[in-house]
Amino acid sequence: PIGTMLKEDLSNWDSLEDSVPHYYGSNFPNSEISDFEYLKKIRALGGIVWFEFWRLPGWMKGPASKGKSTLEIGKYTGAILAYCRELERHTGRPPDVVGIQNELTQPAEAWHDMALGLRSALDSSGFTDVKIHMADAGGLSKGVEFAKAFSSSSEVWNIIDYSASHMYDYQDHFEKPDGFDPVLYRWADSTDQKPFLSTELCINDPGWQVGSY
């Protein structure tokens, strides 16, 4: 339940009962669990593990300010540290990379606080080798805006190990592949060639899919 179903005591990372079966898009973000036995097998095969929250559970948010709830950074980083410890207990190592947050747009200042708080929490807890990727957008063109927000602070950009974005907008260019090039150039310019993770890449456009999953 890497979403709003995660309990405040962090006891149900891999509880299958808390994951609801769904078709694509019908129950975001509460249909995912972190299956530690599966990840153990991935590790045994030489794979790597990335971790990231999607929509955050309500208990991570403090009192509303100007009509918007505010994130309690300590609860956010504490949950990620708990995941690192739990994965280490099950597989021998913490995640290789953790992300700031999946797809949701935040004010740049909020992202900066999340990134700096996360790096500080990881380092002070002995997870100095765990890398961080920036918040990732649903498509590379939107990701350019995310990258500009993160790189607007040199302090924050320096602790971001990987630029990151989903690349679903590549599907808009299947019939004219060269049309995607300008987006790629804008991405490269906005990230200054920082190492890149394509965090989601598949065909999810109904126009290109068969009628079911």
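A residue counts as buried when its relative accessible area is under 20%. Keep that cut-off in mind, and remember that this is a predicted model.

After α3 comes G126, which has a positive phi, near 90 degrees.

| Helix | Residues | Reach | Expected at 1.5 Å a residue |
|---|---|---|---|
| α4 (140–151) | twelve residues | 16 Å | close to 16 Å |
| α3 | 17 residues | 24 Å | close to 24 Å |

**The core**

In soluble globular proteins, nonpolar side chains tend to be buried together. In this model, the largest nonpolar core has 50 residues. Which of them have the most contacts inside it? They are W13, F53, Y76, I100, L122, M134 and F150. At least two residues of this core come from each of α1, α2, β4 (97–99), α3, α4, α5 and α6. The helix that gives the most is α2, with eight residues.

Leaving aside neighbours within four places in sequence, F150 is in contact with I100, W111, H112, A115, M134, A135, V156, W157 and I160.

Now look at I80, which lies in helix α2. Is I80 buried or exposed? Its relative accessible area is 1%, so I80 is buried. If residues up to four places away in sequence are not counted, I80 touches F51, F53, V98 and L118. Between I80 and I100 there are 9.9 Å in space, C-alpha to C-alpha, and the two are 20 residues apart in sequence.

**Rings that meet**

The structure holds eleven aromatic pairs. Why is the pair of W13 and Y83 called edge-to-face? The planes of the two rings stand at 75 degrees, with the centres 5.1 Å apart, so the pair is edge-to-face. This pair links distant parts of the chain: W13 belongs to the segment before α1 (36–44) and Y83 to helix α2 (residues 73–91), 70 residues apart. Both W13 and Y83 are buried. The pairing goes on to other rings too, as W13, F36, F51, F53 and Y83 are linked by ring pairs into a cluster.

A ring can also meet a charge. The charged end of K194 sits over the ring of W157, 4.7 Å from the centre of that ring.

**A residue that is partly exposed**

Finally, find S11, in the segment before α1. Its relative accessibility is 47%, so S11 counts as partly exposed. The side chains of S11 and D9 are joined by a polar contact of 2.7 Å. Along the chain, S11 and E86 are 75 residues apart, yet their C-alpha atoms are separated by 9.9 Å.

How values were computed. Residues are numbered from 1 along each chain as its sequence is written. This is a predicted model: local features need pLDDT of at least 70, side-chain atom pairs count only at pLDDT 80 or more; totals for chains, interfaces and linings use all residues. Side-chain values use heavy atoms; hydrogens and water are left out. Rings of Phe, Tyr and Trp (its six-membered ring) pair if their centres lie within 6.5 Å; planes under 30 degrees apart count as stacked, over 60 as edge-to-face and the rest as tilted. Helices (H or I, at least four residues) and strands (E, at least two) are DSSP runs, numbered from the N terminus. Buried means under 20% relative accessible area, exposed over 50%, partly exposed in between (1.4 Å probe, protein chains only). A charge sits over a ring if NZ of Lys or CZ of Arg is within 6 Å of the ring centre and within 35 degrees of the ring normal. The expected span of a helix is 1.5 Å times one less than its number of residues. A polar contact is a pair of N or O atoms within 3.5 Å; within protein, one must be able to donate a hydrogen and the other to accept it, and residues adjacent in sequence count only if both atoms are side-chain atoms. A nonpolar core is a set of buried Ala, Val, Leu, Ile, Met, Phe, Trp, Tyr and Cys residues joined through side-chain atoms within 4.5 Å. Contact means heavy atoms within 4.5 Å.
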